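Please keep the sequence and the 3D view open beside the text as you read.

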Amino acid sequence: MSEILYCKNCQRYTIHPVCSTCKEKTVLNTPARFSPQDHYGKYRRALKKRDKDELRQ
Ligand SMILES: [Zn+2]
């Protein structure tokens with residue numbers, strides 16, 4: 001397992017929790033597709049579908 005970390009100070013990617021260049025703490029660089037907004041969008045669509053099914057009954 002290798003998480004991609006990012007040093008805001010040097011603006012470079014690293015796998016180390018602390019930047020080897022400036023010794024600043026690096027942050028997790030999570031890809032946009034894992035954003036919680038996508039999760040909620042999926043949840044909303046599921047609810048909408050369920051409401052439609054109930055209307056037909
Ligand atoms: Zn750095």
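Helices and strands are runs assigned by DSSP, a helix being H or I over at least four residues and a strand being E over at least two, and both are numbered from the N terminus. Read in those terms along the sequence, the protein follows the pattern β-β-β-α, which comes to one helix and three strands. This is a predicted model, in which local features need a pLDDT of at least 70 and side-chain atom pairs count only at pLDDT 80 or more, while totals for chains, interfaces and linings use all residues. Residues are numbered from 1 along each chain as its sequence is written.

**Confidence**

- The predictor's confidence in each residue is given as pLDDT, on a scale from 0 to 100; its mean for the protein is 80, and 72% of the residues reach 70 or more.
- Confidence is highest in β1, at 93, and lowest in helix α1 (residues 36-56), at a mean of 72.
- Where pLDDT is low, the predicted coordinates should not be read in detail.

**The sheet**

- The three strands form an open sheet in the order β2-β1-β3, with antiparallel pairing, where two strands are said to pair if DSSP finds at least two bridges between them.
- Because β2 (12-14) and β3 (27-28) stand at the edges and each has a single partner strand, one side of each is left without a neighbour in the sheet.
- Strands of a sheet pair through backbone hydrogen bonds, and the pairing may be either parallel or antiparallel.
- Strand β1 (residues 5-7) pairs with β3 in the antiparallel sense over two bridges, and the bridge partner of Tyr6 in β3 is Val27.

**Burial and contacts across the chain**

- A residue is called buried if 20 or more other C-beta atoms lie within 10 Å of its own, exposed if 12 or fewer do, and partly exposed in between, with the C-beta atoms placed from the backbone; buried residues make up 4% of the 57 residues in the protein.
- Two residues are in contact if their C-beta atoms, placed from the backbone, lie within 7 Å, and of the contacts with a separation of 6 or more, 8% are accounted for by residues 24 or more positions apart.

- Thr14 has its place in strand β2 and is partly exposed, because 16 other C-beta atoms lie within 10 Å.
- Leaving aside neighbours within four places in sequence, Thr14 is in contact with Leu5, Cys7, Cys19, Ser20 and Thr26.
- Thr14 and Glu3 are eleven residues apart in sequence, and their C-alpha atoms are 8.8 Å apart in space.
- His16 lies in the loop between β2 and β3 and counts as exposed, because it has 11 C-beta neighbours inside 10 Å.
- If residues up to four places away in sequence are not counted, His16 touches Leu5 and Thr26.
- The C-alpha atoms of His16 and Tyr6, which are ten residues apart along the chain, are separated by 8.8 Å.

**Positive phi angles**

- Most residues other than glycine have a negative phi.
- Gln11, in the loop between β1 and β2, is a residue other than glycine with a positive phi, near 55°, and Gln11 is exposed because 7 other C-beta atoms lie within 10 Å.
- Lys23, in the loop between β2 and β3, has a positive phi of about 65° although it is not a glycine, and Lys23 is exposed because 9 other C-beta atoms lie within 10 Å.
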